[in-house]
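Subject: Handover of a structure for your review

Dear colleague,

Please find below the structure that I am handing over to you. My findings follow it, and I would be grateful if you would read them alongside the coordinates.

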Amino acid sequence: MADSDPRVEFEAQVRPHLAWLYRLAYRFTGHREDAEDLVQELLVRLYRHPSELARLESPRPWLTRALHNLFVDQWRHRQRTPLGHLHPDPWDDLFVDEADSGTPEKALQLAGVRRDILAALYRLEPEHRALVVMHDMEGRSLSELAETLDLPLGTLKSRLFRARRKLRRLLGGGNPLGETDVIVAEV
Amino acid sequence: MNCDELLTYLDASAPAPAPQAALDHLSGCPSCRKAWRLAQETAASLKALPEPVVPAAFEERVLASAYRAAGRRRPIRVRGWGLALAATFLMGIGVGVLLEVTHAGHRGGYILQDGTVMLAAGDTTTVNIALDAARPIQDVSFVVDVPAGMELAGHPGEPQVTWQGELRQGRNLLGLQLVAKAGAAGVLQTEIHHDGLDKVFQVHVVAAEESLWDDLRRMLS
């Protein structure tokens, strides 16, 4: 009986969010396969605990937090994996069109700048990278993210400050006289 | 505003419009102008990135994987040295899964005849699981479940450790550094997922108390 199949209800709950989850996961991880694995792992957990999703009126903030936490956990574990892991250039899929279409010199320069920026972004700590993705890339406010991620606003401000500072240093925008690390006060 | 203050403001506020004090500093400081321009370029580039394209059949793949994982059958058990598992070829991981034990402490570890791994409580013992891959395999997921009373070095208090990896052609050693409390015993389970296929290896592990270890070593050697 199709009506009693838990998959029917599960798919009705998650399908509307899958493409959106993939895009967010791709921006977190920088790789198609990693993004797919991350969403897959989230679904495995959700399927084992279907009541988690069913009780939510607006699942996206909850899914954002779940995907974010899963990403941060997995990335930290990956950094300590016994086998190690080598990656191709991150976010490579985003530049397929630019590489294949014989773009003018200016467009290629722009693609080069983007590659540099994304390569630097990929070197940030996972929670810093995720915050830059959600705030600077997707335009979500820090207040919204504090609520979504269930984190203090001051923590996010501090993370964003450190993320931008590291990005700037990786991209060569440092201060030749040296800089002082400043921690934004908790709010 | 000096250089340090300007860069602090920049990292905390970009890409907000610059206050007059910042503009005054920027007009006379080429290095900070470069940093300011770079921050603006970075912010603009991040906002202008193309939207990732969802791969074909993505939804069906991830849903199928979720169902498969939820309905996973009883795992296959591996015991002792050099035991071949017929199903491993399905993943492109050749037969010849074997277990070795090395140790950082002076007491070491043993593999009993029934395949149980005996560890010295308190030492860090590396259980090496050798995976022979017939070809390079990308995007392999590893999930290690650690018995109660034991943990993987570097993962304190985590009963399950997961990560993504890849297997080189030939032998790959999965080095699991176990730290066990005295008397702890259970199943060390390693799940390997690749391309929709799952593989589960189980090894019984027992941690002997320090006072018993010398007797055990005499008995087992």
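**Confidence in chain A**

Within chain A, confidence is highest in α7(A), at a mean of 93, and lowest in helix α5 (residues 96-100), at 48. Please bear in mind throughout that this is a predicted model. Over the whole of chain A the mean pLDDT is 76, with 71% of the residues reaching 70 or more. Two stretches of the chain call for care. Residues 83-88 of chain A have a pLDDT below 50, and the model gives this stretch eight contacts beyond near neighbours in sequence. Residues 174-187 of chain A also stay under 50, with 23 contacts beyond four places in sequence. Where pLDDT is low, the predicted coordinates should not be read in detail.

**Confidence in chain B and in the complex**

Chain B has a mean pLDDT of 72, and 68% of its residues reach 70 or more. Its confidence is highest in strand β6 (residues 150-152), at a mean of 91, and lowest in strand β1 (residues 93-103), at 45. The pLDDT is below 50 over residues 73-92 of chain B, a stretch with 44 contacts beyond near neighbours in sequence. Residues 94-100 of chain B likewise remain under 50, and the model has 31 contacts for them beyond four places in sequence. For the complex, the predictor gives an ipTM of 0.75 and a pTM of 0.58.

**Composition of the two chains**

Chain A contains nine helices and zero strands. Of its 187 residues, 34% are buried. Among its contacts with a separation of 6 or more, 69% are accounted for by residues 24 or more positions apart.

Chain B contains five helices and 10 strands. Buried residues account for 29% of its 221 residues. Of the contacts in chain B between residues at least 6 apart in sequence, 66% join residues at least 24 apart.

**The nonpolar cores**

The largest nonpolar core has 37 residues, and those with the most contacts inside it are A:L21, A:A25, A:V39, A:L43 and A:L67. Elements of both chains give two or more residues to this core: α1 (6-29), α2, α4 (59-79), α6 (105-122), α7 and α9 (153-170) of chain A, together with α4 (58-70) of chain B. The largest share, eight residues, comes from α1(A). Beyond its neighbours within four places in sequence, A:L21 is in contact with A:V39, A:L42, A:L63 and A:L67. Another core, of 32 residues, lies apart from this one and includes B:A120, B:A133, B:W163 and B:A207.

**The pairing of α1(A) and α2(A)**

Two packed helices are described by the angle between their axes and the distance between the axes. The axes of α1(A) and α2(A) come within 8 Å and cross at roughly 145 degrees. Their crossing is right-handed. On the side of α1(A), the contact is made by A:F10, A:V14, A:L18, A:L21, A:Y22, A:A25, A:Y26 and A:T29. On the side of α2(A), the residues involved include A:R32, A:D34, A:A35, A:L38, A:V39, A:L42 and A:L43.

Helix α2 (residues 32-48) of chain A has 17 residues, which should span 24 Å at 1.5 Å a residue; its end C-alpha atoms are 25 Å apart, in agreement with that value. Most of α2(A) is covered, with 13 of its 17 residues buried.

Helix α7 (residues 126-137) of chain A has 10 of its 12 residues buried, so it is largely enclosed by the rest of the structure. Among these buried residues are A:E127, A:H128, A:R129, A:H135 and A:D136, as well as A:L131, A:V132 and A:V133. After α7(A) comes A:G139, with a positive phi near 80 degrees.

A:R140 is found in the loop between α7 and α8 (142-149) of chain A. Is A:R140 buried or partly exposed? A:R140 has 15 other C-beta atoms within 10 Å and is therefore partly exposed. Leaving aside neighbours within four places in sequence, the contacts of A:R140 are with A:M134, A:H135 and A:L145.

With kind regards

Note on methods: Residues are numbered from 1 along each chain as its sequence is written. Chains are lettered from A and ligands numbered from 1 in the order in which they are written. This is a predicted model: local features need pLDDT of at least 70, side-chain atom pairs count only at pLDDT 80 or more; totals for chains, interfaces and linings use all residues. Helices (H or I, at least four residues) and strands (E, at least two) are DSSP runs, numbered from the N terminus. A residue is buried if 20 or more other C-beta atoms lie within 10 Å of its own, exposed if 12 or fewer, and partly exposed in between; C-beta atoms are placed from the backbone. Two residues are in contact if their C-beta atoms, placed from the backbone, lie within 7 Å. pLDDT is the predictor's confidence in each residue, from 0 to 100. The expected span of a helix is 1.5 Å times one less than its number of residues. A nonpolar core is a set of buried Ala, Val, Leu, Ile, Met, Phe, Trp, Tyr and Cys residues joined through C-beta atoms within 7 Å. Axes are lines fitted to C-alpha atoms, for helices over the stretch in contact, and angles run from 0 to 180 degrees between N-to-C directions. A crossing is left-handed if the near helix is turned anticlockwise from the far one by less than a right angle, and right-handed if clockwise.
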